[in-house]
Amino acid sequence: MKLIHVVGARPNFMKAAPVWSAINKITDFNQILVHTGQHYDKLMSDIFFKELQIPVPDYNLNIGSDSHARQTAAIMIKFEELVNELKPDLVLVYGDVNSTVAAAMVCSKLSISIAHVEAGLRSFDRKMPEEINRLITDQLADLLFTPSKDGDDNLIKEGIPKSKIHFVGNVMIDTLVRLLPKADKPNRFKDLKQYILVTLHRPSNVDDPKSLKSILHNLETISKSIPVIFPVHPRTKKMIAESNLDIINNVNFHLIEPLGYLDFLGLMKNAATVITDSGGIQEETTYLGIPCITVRENTERPVTVSLGTNQLIGKDYYKIPDLVNNAINRKKRSYTIPPLWDGKASERIATVLLQHNNKII
Ligand code: UD1
């Protein structure tokens with residue numbers, strides 16, 4: 001069987017890495033890696049390939065940044081040409097980024113089977129571009145690999161036949177489990193005993209200067225009592241620059257370049273609390289048992305709240321300092337690691353793909 005894996009943006013890389021190697025271990029499938037180029041900076045892309053030991057992409061579509069329609073359309077045009085040339089039997093797409101939905105739409109019109117890794121997640125908030133990407137991709141996919149049981153329930157409610165759905169667990173946690181022993185704080189933060197780790201990049205938080213200013217103001221308040229480390233995503237960096245924000249003058253407030261996987265994981269596993277609007281970090285903190293404050297109205301990963309260490313604060317940014325203090329002073333909150341977040345999700349995916357191949361030949 002000839003398989004194409006499509007990756008494009010930072011969170012795709014940690015998901016594709018373990019699936020690639022699990023398939024390699026138990027099959028002789030011809031695996032091809034396509035990078036759409038949605039993320040192209042060294043720190044948003046190249047470093048992950050090195051650290052996660054993902055093979056160099058066989059093809060890079062070099063799409064880059066643009067508006068949603070233009071970016072999605074550009075990926076579709078180039079990916080269609082490639083698919084027509086390579087004629088794969090199956091295309092694996094990951095997560096919920098524009099590259100995911102673009103590749104799925106191309107394949108569905110060419111009648112090529114699609115497998116969606118991280119299927120079924122729903123925030124029920126159609127203002128999020130990712131929610132649109134999830135809904136469309138799942139409608140088009142032939143094999144849907146879910147990370148949690150709520151994913152199965154959502155898909156069934158949307159009319160997806162049970163036979164297409166496979167509850168396999170969380171592939172992002174596979175990568176975390178494998179690399180946790182190698183992850184350490186970057187040298188410049190080695191001596192920090194207690195600190196808060198922050199990531200923010202959602203348009204709903206960073207594209208509105210008022211929201212961005214309020215978040216930064218609250219983070220700066222915290223940094224007066226505990227150091228804050230904030231690796232800044234390119235979108236956020238651009239918005240900070242465009243908004244002429246001049247409120248960051250505390251030496252304990254570390255606004256730094258985006259980090260690679262191992263440095264970030266090293267900081268996360270030792271953090272007093274994490275503040276984020278990322279999807280994956282809600283999951284990783286739940287696995288690690290680190291308190292997580294999510295600056296979003298909703299989450300497509302509800303198990304991180306019901307079982308894990310996550311709490312949502314929406315746009316109530318003013319709550320951040322108190323919540324951070326509570327998290328630091330309180331004893332460790334009890335939590336459970338969600339079912340099948342055990343480092344073996346990719347092996348389950350590889351097994352399903354092998355069975356799928358045996359059925360069709
Ligand atoms: C994308 C995903 C989001 C994911 C995030 C992780 C979509 C709709 N969004 O958001 O779900 O959580 O990746 O990072 O697919 N930029 C650079 N260098 C890069 C990439 C981006 O400078 O390598 C800047 C550009 O100014 C660009 C902006 O970041 O316009 C946004 O990039 P884009 O890929 O459109 O979306 P993200 O915000 O990264």
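The shell around the ligand holds six nonpolar, eight polar and five charged residues. Here Ala, Val, Leu, Ile, Met, Phe, Trp, Tyr, Cys and Pro count as nonpolar, Asp, Glu, Lys and Arg as charged, and the others, Gly among them, as polar. The model is predicted, so local features need pLDDT of at least 70, side-chain atom pairs count only at pLDDT 80 or more, and totals for chains, interfaces and linings use all residues. Residues are numbered from 1 along each chain as its sequence is written, and side-chain values use heavy atoms, with hydrogens and water left out.

In total, 19 residues surround the ligand. Each has a heavy atom within 4 Å of it. The closest are Gln38, His39, Asn98, Glu130 and Arg235.

Polar contacts are pairs of N or O atoms within 3.5 Å. A polar side-chain atom of glutamate 130 lies 2.5 Å from a ligand oxygen atom. For glutamine 38, a polar side-chain atom lies 2.8 Å from an oxygen atom of the ligand. Aspartate 41 uses its backbone: an N or O atom there lies 3.0 Å from a ligand oxygen atom. Alone, the ligand exposes 740 Å², and the protein buries 89% of that (Shrake-Rupley method, 1.4 Å probe).

Helix H3 (68-86) and helix H10 (234-242) each supply at least two shell residues. H10 gives the largest share, three residues. Helices are DSSP runs (H or I, at least four residues), numbered from the N terminus. Domain 1 (2-169 + 341-360) and domain 2 (182-328) each contribute at least three residues to the shell. These bounds come from an automatic or database domain assignment.

Conventions. Polar contact = N/O pair within 3.5 Å; in protein donor to acceptor, adjacent residues only side chain to side chain.
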